[in-house]
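This report describes one protein chain. The sequence and the structure come first, and the description follows.

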Amino acid sequence: AENGDKILDTHVGTGRMLEYLYRNAACEVCGLSEDMENVRVSRSRLRNADIVYGSHEDIPWREDTFDSVYLKAIADPLSEKALTEALRVLKPGGQLLVGMRTVPVPLRYLVTWFQGTSDDDLLYPRARYQALAMMRRLGLTNITWQATDAFNGVCIGWKALPSERMQL
């Protein structure tokens with residue numbers, strides 16, 4: 001995030017991430033939650049932010065509003081409707097981040113060893129690969145996967161500019 005960017009967190013929780021961005025990157029921050037208590041807590045933490053109650057599958061902002069959108073993949077598989085909505089409100093050239101849980105490689109191998117089987121779904125997490133494939137199919141560019149800690153990671157992609165969409 002850069003100074004002045006407008007950022008949406010579609011699973012705002014208690015607002016800690018947005019608070020960090022607001023204070024340290026001077027961003028305009030907005031949040032969305034399906035939990036009214038989280039909306040209240042986030043609003044008390046971020047009095048100047050636009051925090052609303054609603055669904056990440058029906059985002060109540062106009063098209064091309066945000067420089068960055070953060071979508072937490074809480075369902076397995078990732079909802080294509082939620083991803084499509086996030087792209088709708090993301091500006092061309094904007095960054096989409098999809099946070100996901102992951103199981104560390106050593107733990108995956110340990111579990112399959114103890115089970116005495118080769119569980120391909122555990123060894124090769126489907127959700128991450130499905131999310132990356134869905135992002136490619138929906139036209140995102142420069143898509144990457146980054147581990148954020150031992151149990152979480154983020155798929156990152158950029159919404160194509162109109163000139164790039166014509167080349168795709």
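## A buried methionine

Met 134 is buried, with a relative accessible area of 8%. Here buried means under 20% relative accessible area, exposed means over 50%, and partly exposed lies in between (1.4 Å probe, protein chains only). Met 134 belongs to helix α6 (residues 126–137). Helices (H or I, at least four residues) and strands (E, at least two) are DSSP runs, numbered from the N terminus.

Leaving aside residues up to four places away in sequence, Met 134 touches Leu 78, Ser 79, Glu 80 and Leu 83; a contact means heavy atoms within 4.5 Å. Ser 79 and Met 134 are 55 residues apart in sequence, and their C-alpha atoms are 9.7 Å apart.

## Basis of the model

This is a predicted model, in which local features need pLDDT of at least 70 and side-chain atom pairs count only at pLDDT 80 or more, while totals for chains, interfaces and linings use all residues. Residues are numbered from 1 along each chain as its sequence is written, and side-chain values use heavy atoms, with hydrogens and water left out.

## Overall composition

The chain has 7 helices and 7 strands. From the N terminus on, the order of elements is β-α-β-α-β-β-α-β-α-α-α-β-β-α. Of its 168 residues, 43% count as buried. Among contacts in the chain with a separation of 6 or more, 56% are between residues 24 or more positions apart.

## Strand β2 and its neighbours

In strand β2 (residues 28–33), 5 of the 6 residues are buried. Strand β1 (residues 6–9) pairs with β2 in the parallel sense over 4 bridges; strands pair if DSSP finds at least two bridges between them. Asp 9 has Gly 31 of β2 as its bridge partner. Between β1 and β2 the chain passes through helix α1 (residues 16–25), and this β-α-β crossover is right-handed. Right-handed means that, with the strands pointing away from the viewer, the path from the first strand over the helix to the second runs clockwise.

Strand β3 (residues 50–53) is parallel to β2 and joined to it by 4 bridges. Here Gly 31 stands opposite Ile 51.

## Salt bridges

The structure holds 8 salt bridges, each defined as a side-chain nitrogen of Lys or Arg within 4 Å of a carboxyl oxygen of Asp or Glu. Arg 23 and Glu 19 form one of them, with the closest N and O atoms 3.0 Å apart. The two residues are 4 apart in helix α1 and so are separated by about one helical turn. Arg 23 is exposed at 58% relative accessibility, whereas Glu 19 is buried at 17%. Both belong to a salt-bridge network that includes Arg 45.

Lys 159 bridges to Asp 64, with the closest N and O atoms 3.1 Å apart. Lys 159 is in strand β7 and Asp 64 in the loop between β3 and β4 (66–72), so the pair ties together parts 95 residues apart in sequence. Lys 159 is buried at 13%, and Asp 64 is partly exposed at 35%.

## Surface

The accessible surface of the chain is about 9,600 Å², 51% of it from carbon and sulfur atoms; areas come from the Shrake-Rupley method with a 1.4 Å probe, and for residues only the protein chains shown count as cover. Phe 151 lies in the loop between β6 (140–149) and β7 (152–159). Phe 151 is partly exposed, at 42% relative accessibility.
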